[in-house]
Every structure is written in C-alpha cells, then in structure tokens.
Amino acid sequence: KRDSSFGGLKDEHVKYFKELLGAESAVIDGLSQDATEDLEPFNSDWMRKYRGHAKVVLKPKSTEQVSKILKYCNDNRLAVVPQGGNTGLVGGSVPVFDEIVINLQRMNNIRSFDEVSGVLVADAGVILEVADNFLAEKNHIFPLDLGAKGSCQIGGNVATNAGGLRLLRYGSLHGNVLGIEAVLPDGTVMNDLSKLRKNNTGYDLKQLFIGGEGTIGIITGISIFCPQRSQAQNVAYFGLESFEKVQQAFVEAKNQLSEILSAFELMDGRSQRLLSIVKESKLPIEGEHPFYCLIETSGSNTDHDGEKLEKFLEYVMEQEIVSDGVLAQDKTQINELWACREGVPETLSHWGGVYKYDLSIPIKELYTLVDDTREKLTKAGLVGDDDSYPVVDVVGYGHMGDSNLHLNIPTRRFDKAVEKELEPFVYEWVAKRNGSISAEHGLGIAKKDFIGYSRTETMIKLMKQIKDLYDPNGIMNPYKYI
Ligand code: FAD
Ligand code: MLT
Ligand code: ZN
C-alpha cells in the first residue's frame with residue numbers, strides 16, 4: 001500500500017525540477033508536460049519482474065544538483081529511488097508506486113587517477129566497463145567485474161556491494177572502496193572521498209553506503225583502490241562428474257595456481273545445456289557433464305602461467321578429478337569461454353520469468369540445495385518440457401571461490417504455485433546451515449520479508465535505528481528492505 005505520508009506530484013514540483021535541471025534532465029510524464037523520453041525503462045527492472053509508476057525521472061549532472069533535489073524532496077515529503085544502470089536483481093532500483101527516480105547516468109566523469117597509488121576517483125554514474133577501459137590504458141584494473149559491466153554503474157555497484165567474478169582475487173568493495181561522496185536526504189553532502197588505504201579515525205561511516213541499496217543517501221562519487229592489471233590472462237574450462245570432484249578441483253587449483261588464480265566459477269550441466277540451446281551453439285568441450293568449471297589465472301607471464309595451468313589440467317585429468325577440459329589459446333577463445341559463464345543469467349530469462357536466489361552456503365553443501373529444490377518442484381508436478389508446466393528447469397551456478405551459489409528456476413511465467421514451493425523453503429534451508437539469503441545482490445524488494453533468516457532481531461533493530469537517523473522522513477527508496 002502506498003504510504004499516504006508521502007506527497008503526490010504537483011505542477012509546482014515539476015516546475016522546480018525543470019528550472020533546476022533543464023528540460024532534458026527532467027523526464028516528466030502525465031502532468032503539464034508530455035514525456036520527453038519513454039519512462040518504461042526506468043520503471044521496470046532487468047528481470048521484468050517489478051514495475052513501478054514513476055511519472056518523473058531526474059538526471060542530475062552534479063553533486064550540487066543531487067543535493068538540491070533531495071532537500072526539496074525531503075521538505076515536500078516526496079519519496080525517491082536512486083537508480084544506476086538498473087541491472088539490479090532484487091527489484092531495488094525501480095519504484096514501487098510513484099516514487100521519483102533519480103538516475104545518475106549524467107554524472108559520468110572520471111575525476112582523477114593516480115598512477116602511483118592506483119587510486120581512481122570518479123562520479124557514481126560512470127559505467128563499470130568505461131571505468132575499466134580507462135584503467136586498462138593505465139595498466140590498472142577495476143577490482144570488480146561482472147556480466148552487467150556494459151550497463152551497471154560504479155555507484156550502483158557500490159550501493160549493492162556487488163561481488164562478481166573476481167572477488168576471490170581482489171576482495172570485496174568493503175575493502176577496496178577508499179572513500180565515498182554521498183548526499184543525505186536533507187541535502188547534506190557527506191564528503192568522505194578519502195584516498196587513503198589506512199584511516200582509523202573513528203567509525204568508518206562510508207561502509208554504511210556500501211551495500212546500503214540507496215536507503216540512506218545517494219552516492220555521487222567514489223574513490224577506489226585499483227590494482228595493477230596483470231599482463232597475462234589464461235582461462236580453462238572443464239567438465240566434471242560430481243560436485244565432490246568440483247571441490248577437489250577447487251582445492252587443487254588453490255594449491256597449484258595459488259597467487260595467479262583469479263577466478264573459479266561453477267556452472268552445472270543444466271545451465272550449460274540451456275545456454276547452448278538458447279545461443280544455438282556448441283559448448284567448448286564434447287559430451288555432457290553434470291558440472292563445468294571455469295578457471296582464470298592472471299599473472300605477469302603468459303607462458304609461465306599457461307604452463308602452470310596446463311600442468312594443473314594434466315594433473316586433474318590424470319587423477320580423474322576432471323573428465324575433459326580446454327585451455328583458451330588466444331583472447332578470442334578467452335572471451336568465448338567466459339561467455340559460457342557470463343551468458344548464463346541472460347539465457348535463463350529466455351522463457352519468460354526466472355526465480356533467482358543468490359546464496360552463501362557452506363561449500364560442502366553448496367549444490368545440495370539445487371538437487372533438493374529440483375526434487376521438491378518435480379514432486380509438485382511443476383517441472384516439464386512442454387508449455388503446460390511453468391518450470392523449465394532448476395539450475396545452479398555461481399562463484400565457487402566465494403561459496404556463493406546462484407539457484408535459478410527459469411519459468412515460462414511467474415506463477416504463485418511455484419513461488420509457494422520455493423519460499424520460504426529456500427530461505428529455511430539456507431538459515432538451517434547458517435548461510436546468507438543474499439550473498440551479493442542485496443535484498444531490495446524481493447527479499448525484504450526474509451531478512452530475518454540471515455539477521456537477528458537485534459541486528460535488524462540497529463539497522464532501523466541507522467535508517468531513522470539518516471532518513472527520518474523515510475523518503476529514500478521506501479517499501480524496500482528497511
Ligand atoms: P541499479 O540496479 O540501478 O541499483 C541497484 C541498487 O542500488 C538499488 O537499490 C538502487 O536504489 C541503488 N543505487 C544505484 N545507484 C545508486 C547510487 N548512486 N547511490 C545510492 N544508491 C544507488 N551482482 C553481483 O554482485 N555479482 C555479479 O556477478 C553480478 N552479475 C550480474 C550479471 C547480470 C547480467 C546482471 C543483469 C546483474 C548482475 N549483478 C551482479 C547484479 C548487480 O547488483 C548489478 O549488476 C550492479 O551491481 C548494480 O548496478 P546498477 O548501476 O545497475 O544499479
Ligand atoms: C552472476 O553471477 O552471473 C550474477 O550474479 C547474476 C546472476 O546471479 O544471475
Ligand atoms: Zn553472481
């Protein structure tokens with residue numbers, strides 16, 4: 001239900017926004033002005049599961065404009081949704097009712113880069129891939145990479161505390177983000193754009209914004225520690241018989257590849273089968289394997305790293321840990337192998353809807369949940385090959401190196417009967433093993449009712465106190481997890 005304490009949009013508000021931003025930065029529908037741009041892309045999420053009804057999308061160009069917008073919204077009790085690239089997977093980036101969308105896409109400047117320390121300072125609206133390409137020219141790398149890099153923004157990445165494909169190597173944004181510039185709901189600019197790696201002076205307040213999902217303020221700039229880009233990249237893709245063997249391969253990879261290991265990703269056979277159907281292409285290795293893994297190494301010497309990886313692959317095949325495998329021979333092949341992993345999320349949306357669960361699970365039992373869920377849905381008569389069944393399949397993939405499973409249920413339509421089988425079953429299963437119901441995507445609206453499976457009442461109460469302190473009128477991203 002819409003919170004009636006929030007004001008409705010009036011002509012005078014529209015006038016204020018237009019004067020502040022200029023017509024082209026205030027996309028407005030249905031009031032005195034016709035829409036200058038289609039609002040639909042700002043109102044619906046990547047999964048097409050959540051849809052809001054914002055009549056206004058604001059695209060500020062500066063921190064000062066963000067500050068003025070938020071102060072005005074706060075004074076007039078107008079609810080807002082911060083939005084980056086709108087690639088989030090928990091419905092957090094779109095309005096629920098008529099909240100005003102504040103999209104950061106026009107704040108897209110790189111502010112500075114220090115080639116000695118590797119510290120990048122940039123606007124929140126810079127696209128992740130743009131930031132990484134900029135850094136590549138300077139022999140550095142953004143310490144985060146993910147399939148949505150072409151659309152997501154670094155501010156959105158920080159707001160979700162995205163994990164991605166190389167967390168195993170570069171660690172979490174909680175460690176790499178050195179500073180944040182953010183605007184609080186009352187217009188206060190919190191300038192904490194520190195470039196220091198070490199700064200133990202009281203509470204580290206920026207951490208609240210990392211993974212805060214736009215509930216206490218808008219991130220307008222970040223400073224981040226970027227490592228040296230590795231000269232050499234090697235990638236292997238292989239098939240395995242069981243999850244037991246996947247674990248053995250992971251241990252062996254850590255042993256043999258240690259400091260050059262930069263990714264260890266898992267895809268089950270079902271996710272790869274669906275990928276090859278949707279992409280109408282053959283997988284890189286012959287045969288059908290219950291599990292596939294992708295290993296990447298990043299080091300300083302291609303030949304030396306390649307040799308190590310080759311030796312590793314020989315060993316695991318000799319030991320019958322791995323059934324079959326392939327080593328990329330050039331950059332094109334590296335991209336082809338990565339596409340088998342990065343293409344999975346898009347593939348799974350192919351049939352219509354997909355139920356997505358992003359979970360941290362103790363590694364030994366990581367895949368058991370996929371089997372248990374498949375069994376439950378199959379017993380309920382919901383899984384099948386023809387259109388009369390809602391569920392296409394039950395698949396698992398994810399970041400093996402981080403014990404992070406993505407349990408996905410691609411469906412032909414979103415269906416209450418399917419949802420009833422899945423929730424709270426999945427959350428109870430994870431809570432029983434002391435896992436997390438959100439490893440890297442956040443809670444948004446999708447998981448707002450389930451936070452109690454991963455956090456105690458005391459923790460939730462403390463979070464609410466923080467929310468009230470920063471956002472007493474509750475205008476920031478309302479109806480979401482807090
Ligand atoms: P949005 O989707 O626009 O917003 C996400 C949340 O952050 C919302 O709550 C929004 O209100 C808030 N927000 C956005 N910008 C700001 C800001 N400037 N200030 C305050 N709040 C803000 N995630 C992973 O962790 N690992 C992955 O490997 C991964 N792969 C993905 C692959 C694909 C194909 C897709 C579609 C998504 C993937 N994601 C992954 C999800 C991930 O959360 C997002 O891709 C990304 O981090 C969100 O950035 P965005 O700019 O699109 O933010
Ligand atoms: C991934 O690892 O591919 C992303 O987190 C997206 C997803 O979970 O589908
Ligand atoms: Zn992921």
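Mentor: Helices here are DSSP runs of H or I with at least four residues, strands are runs of E with at least two, and both are numbered from the N terminus. The model before us is predicted, with local features requiring pLDDT of at least 70 and side-chain atom pairs pLDDT 80 or more, while totals for chains, interfaces and linings use all residues. Residues are numbered from 1 along each chain as its sequence is written, and chains are lettered from A and ligands numbered from 1 in the order in which they are written.

Trainee: What makes α5 stand out in the shell around ligand 1?

Mentor: A residue belongs to such a shell if its C-beta atom, placed from the backbone, lies within 6 Å of the molecule. By that rule 37 residues surround ligand 1, the closest being G84, G88, G92, G156 and G214. At least two residues come from each of β3 (80–83), α5 (154–160) and β9 (218–225), and α5 gives the most, with five residues.

Trainee: How do you know how the residues of the shell around ligand 1 divide into nonpolar, polar and charged?

Mentor: Ala, Val, Leu, Ile, Met, Phe, Trp, Tyr, Cys and Pro count as nonpolar, Asp, Glu, Lys and Arg as charged, and the others, Gly among them, as polar. The shell around ligand 1 then holds 15 nonpolar, 20 polar and two charged residues, and the glycines named above as closest fall in the polar class.

Trainee: Which residues surround ligand 2, and how do they divide by class?

Mentor: Ligand 2 has G147, V344, P345, K356, D358, G398 and H406 around it. Two of these are nonpolar, three polar and two charged. Both α13 (344–348) and β14 (353–360) supply at least two residues of this shell.

Trainee: How do you know where the domains of the protein lie?

Mentor: The bounds come from an automatic or database domain assignment, which gives domain 1 as 110–225, domain 2 as 232–344 and domain 3 as 351–441. The centres of domain 1 and domain 3, taken over C-alpha atoms, are separated by 31 Å. Contact between two residues requires C-beta atoms, placed from the backbone, within 7 Å, and five residues of domain 1 meet that condition with seven residues of domain 3. On the domain 1 side, the touching residues are three nonpolar and two polar, with no charged residue.

Trainee: What makes β5 and β8 edge strands?

Mentor: Two strands pair if DSSP finds at least two bridges between them. The open sheet of five strands has the order β5-β6-β9-β7-β8 with antiparallel pairing, and β5 (110–114) and β8 (189–192) each pair on one side only. Four bridges join β5 to β6 (residues 119–123) in the antiparallel sense, with F113 having L120 as its bridge partner in β6.

Trainee: What makes N139 and the peptide bond from E423 to P424 worth a remark?

Mentor: Most residues other than glycine have a negative phi, and most peptide bonds are trans. N139, in the loop between α4 (128–137) and α5, has a positive phi of about 65 degrees although it is not a glycine. The bond from E423 to P424 is cis, with omega near 10 degrees, and P424 is found in the loop between α15 (416–422) and α16 (425–432).
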